[in-house]
Amino acid sequence: MTSGGFPARLAALTRKEVRQMLRDRSNLIVGLALPLVLILLFGYGLSFDVTDARIAVVLEDSSPITLNAVAGLAGTDYLSPIWLQSMPEAEAMIRKGEADAILRVPAEFTAELAQGRGRLQLILNGVDSSTAQAIQGYATGAITNALQHLADRSDTRFAASGVTVVARTWFNEASSSTWFLVPGLIALVMTLIGAFLTSLLIAREWERGTLESLFVTPVRPLELVLSKLAPYLIIGAIDLVMCLLAARYLFEVPMRGSLWLVVLASLLYLLVSLALGLWISGTTRNQFAASQMALLLSFMPAMMLSGFVFDLRNVPLVIQIISQALPATHFMAVIKTLFLAGDYWPTILRGLAILTLYAALLIWATHRTLAKRLD
Amino acid sequence: MTGITITAKDLRKTFGTPGKDEAVALDGLSLTIREGELTALVGPDGAGKTTLMRLFAGLLKPQAGSLSVLGIDVLAHPQAVQDRISYMPQRFGLYEDLSVQENLDLYADLHGVPMEQRRERFARMLQMTDLARFTDRPAGKLSGGMKQKLGLACTLVRSPDLLLLDEPSVGVDPLSRRDLWAIVQQLVEDEGLSVIVSTAYLDEAERCAKVFVMDRGRLLAEGAPEALASRARGLTLTAASPPGLPARVLQARLMDARDLVIDAVPEAGNVRFIRQPGGDEAAMQALLGDIPVTPREAELEDAFMMMLHQQEGEAQAGAVIEPAPVALSAQDDKPVIVVRDLVRKFGDFTAVASTSFDVARGEIFGLLGPNGAGKTTTFRMLCGLLPATSGHLEVAGRDLRTARAAARGRIGYVAQKFALYGNLTVRENLEFFGGAYGLGGKALRTRIAETAAQFDLDLSAPSGSLPTGYKQRLAMATGLLHQPEILFLDEPTSGIDPLARRAFWRTITGLAGTGVTIVITTHFMEEAEYCDRIAIQDQGEMLVIGTPQAVRDEAGGGARTMNDAFIAIVEQHRARRDSGQVAA
């Protein structure tokens, strides 16, 4: 017929999608409230840092030197020592879960130290291995520090007390897991918004029979895809702003790269997840199956396999290959680099190129699922 | 204009994988449809009507054959065809969360209707569909009939070169159905529009210039309605049911005499039937006795039933229920359902206003009414699925307000959408529903064997792949496992073709003969003729209760069919109410 064509139809379809989105309360809740919950949950609830770990200190030798050596344990936020006299008492505590570790100072410690071979026994509760490791780090650090102090006071007796390791952490000076988690959280929120919200869109139109009516109009498949992406791109952008504000003001994570690159990379990744959700929706044609698939194909892998939590270099080869196939992995690399390291171009350009490729591929694939055919 | 709209040659379309679960939808179909005419496609379920419509619309590709729509090869250029046609699928895709106006705007935008044309077109569509008052209402909050009219309006936001309507009147009440047809006919007359409509209603097909009769993917016949109807000429008769003999009993008697009678339906207290050509005269005499028989004009429906019966042979014969003893609690004359001043409100909205009636044992009681009349609400209250706001409700001697569970054990319920598990076998479904009603062990096994024999069901067949008619039998069988005194059926014949409906009613009349009370809702007004008594509801009010004859009398003269009577009664009531409102 006459007026309009592509822009008019796209505008009409987009208007329809926006109206539907605004009228569907549950969709808006998932789109806007859930990210907020995730930010707070992951920002405050999920942390690998250990504070006030209860360490039972058994002083079988209580010479001033010994007391000096272990005094450092009390001077840190990370540990809260419980002073005991006998080993069985400490063992009972660890069994009852009242202590996370035991530091035993043997009766002959002072004598041995004088000979340059002082030994302390540290027993850790390995049930929670990451907490155990953290405690080990804190405890040895505190003791080494204390002994170092003694040595500095030119008490040469202790000069030979062992090698002092001076450790330093780069990029995340505070070794704070919040710094590490919050940038990843942006990836997680973008994945959730993207895949989850859009996974229902095409399937719903199949189920309600609206697509059959739409097909027999001059509408082209690509117009359907684009009109479904647009409103959710805006919701995603709002979520991104929430994440960035939370990162800056709530969790005080530094941003060493440029803000514009962070926004650009995030929106590009958002587009990838939106398109992934739409593709799942168009392929399954069933809302229930689509939302399950979206969870399994996007959110779970993004959480487990993208390097959000686990270091990817330590996983088996198969998992590494899978994780490299995930867009989330590449975005995770870009966003962490941008936040904590700065504008390191090779990583960023590589990541952006891969994401662009994914976006194009998924939009093309989705448009194929909307070929105007019912069989 | 003597142009050709559609030329189809040897169309073949199958679904599924060949050799495994292949289903043939169209089997070498060829036809030519002329321009500027109203054309009907009729046929039973599975005839391939919807598949053919979708092929016309370029939504499916056939495995073989050629198809030209508006002179365009639709297989090669579907979009070119889609730019010029309008198509209304069986379930029109309205966006339920968008308002009436927004739905119209969307389709106008997509079709690129210019603004100046749009104003005039919308005004006309809203006026014709009587939706002008509801432009701000979300489409999801419209009644079924209004939704269908809005679907038609959205389809017609522009003037297409060809309009395809796939069963536009399924599940739509007689008033809305009449309105829909008025719109379509006006467009054909005013704009010379080419319209192809598929339908299960033969009175609708009768209004078309040309009718194509399809069955199992093939064309059985084509021609003008009168030409087709003449095939049954000389065979069509009416038997006057003598006083005291319900028309449905006579109808059942005639239906069962397959050698002599092709088809029989009750109408206006009499029975219309079609003789077998060359049937034995003496046997016919014996069958009818001294019941007076008069010849009548052959109609399209007669020819249609004739053709289908010839095709189907004996395969689709109804399950004839042999009167089996039913465990009835008390064989007295007390009514099994007593309703007094029943009211149901949803917030401010009164769905059912003060309603009273009784249903006697062994009666077939029909609840009729337009969409949104309160039928379903009344029905759900009777089944104990929905508590009443006020009033007295007694079912099978139990007060539903105090002894709901006890009452439920005495009733069977068949929902509109058969609530069966498609991936379980017939036996597994029966076992499950029997278990749900508290049957078990030997009693359950016996009942399953009995009902399966009664309804001619194959116990090992997977339920999902049963033909529609058999799915419905299974649904009824599950409702009857626990030998209820009352069977509730909610629109059991919606979307079912005439042949299957005949078989269904034969089963129902048989059941009623065994003493089971039947309460049924339906959109097919002619089916009211099978009922002992019917009630017509509109907007929550009970307008009339009585025998079909009494209801026709109430409607006044000129109401030959139940359809006419229904429309007359509802309109009289609405006119009275509107004038009452003006006076007040």
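Modeller: Two strands are taken to pair if DSSP finds at least two bridges between them. The model discussed here is predicted.

Colleague: With that in mind, in what sense do strand β15 (residues 337-346) and strand β16 (residues 349-359) of chain B pair?

Modeller: At least two bridges are needed for a pair, and β15(B) and β16(B) are joined by seven bridges. Where the strands face one another, F346(B) stands opposite F349(B) of β16(B). The sense in which β15(B) and β16(B) pair is antiparallel.

Colleague: Which residue takes a positive phi in the hairpin of β15(B) and β16(B)?

Modeller: The hairpin formed by β15(B) and β16(B) has two residues between the strands. The positive phi in this hairpin, near 65 degrees, is taken by G347(B).

Colleague: Turning to β6(B), are I85(B), Y87(B), S86(B) and M88(B) buried or exposed?

Modeller: I85(B) and Y87(B) lie on one side of β6(B), while S86(B) and M88(B) lie on the other. With both faces of the strand covered, all of these residues are buried.

Colleague: Which residue of β7(B) is the bridge partner of Y87(B)?

Modeller: Strand β7 (residues 162-166) of chain B runs parallel to β6(B), and four bridges join the two. Within β7(B), the bridge partner of Y87(B) is L164(B).

Colleague: How many residues does chain B bring to the contact with chain A?

Modeller: Putting chain B and chain A together buries an area of about 3000 Å², with 54% of it given by carbon and sulfur atoms. On the side of chain B, the residues that lose the most area to chain A are L59(B), Y95(B) and L110(B), which together make up 23% of what that side buries. Chain A brings 30 residues to the contact, and the number from chain B is 34.

Colleague: How far apart are the closest N and O atoms of the salt bridge between R19(A) and E102(B)?

Modeller: Five salt bridges are counted between chain B and chain A. A salt bridge requires a side-chain nitrogen of Lys or Arg within 4 Å of a carboxyl oxygen of Asp or Glu. R19(A) and E102(B) form such a bridge, and their closest N and O atoms are apart by 3.1 Å.

Colleague: Which element supplies the largest share of the side of chain B that touches chain A?

Modeller: Across the interface of chain B and chain A, 14 residue pairs are in polar contact. β1 (4-15), α2 (78-82), β6 (85-88) and α3 (100-110) of chain B each supply at least two residues of the side that touches chain A. By class, that side has 18 nonpolar, seven polar and nine charged residues. Its largest share, five residues, comes from α3(B).

Colleague: Is S176(B) buried or exposed?

Modeller: S176(B) is found in helix α6 (residues 174-191) of chain B, and, leaving aside its neighbours within four places in sequence, it is in contact with G145(B), K149(B) and N371(B). Its relative accessible area is 9%. The cut-off for burial is under 20%, so S176(B) counts as buried.

Colleague: And is G234(B) buried or exposed?

Modeller: G234(B) lies in the loop between α8 (225-229) and β11 (236-240) of chain B. R296(B) is 62 residues apart from G234(B) in sequence but 8.3 Å apart in space, C-alpha to C-alpha. A relative accessible area over 50% is needed for the label, and at 60% G234(B) is therefore exposed.

Colleague: What relative accessibility does A139(A) have?

Modeller: A139(A) has its place in helix α6 (residues 129-152) of chain A. Leaving aside neighbours within four places in sequence, A139(A) is in contact with I55(A), L73(A), L79(A) and L122(A). A139(A) counts as buried because its relative accessibility is 1%.

Conventions:
Residues numbered from 1 in each chain as written. Chains lettered and ligands numbered in written order. Predicted model: local features only at pLDDT ≥ 70, side-chain atom pairs only at ≥ 80, totals over all residues. Heavy atoms only, no water. Contact = heavy atoms within 4.5 Å. Buried area = accessible area lost by both parts, 1.4 Å probe. Polar contact = N/O pair within 3.5 Å; in protein donor to acceptor, adjacent residues only side chain to side chain. Nonpolar A, V, L, I, M, F, W, Y, C, P; charged D, E, K, R; others polar. Buried < 20%, exposed > 50% of the residue type's maximum accessible area, 1.4 Å probe, protein only.
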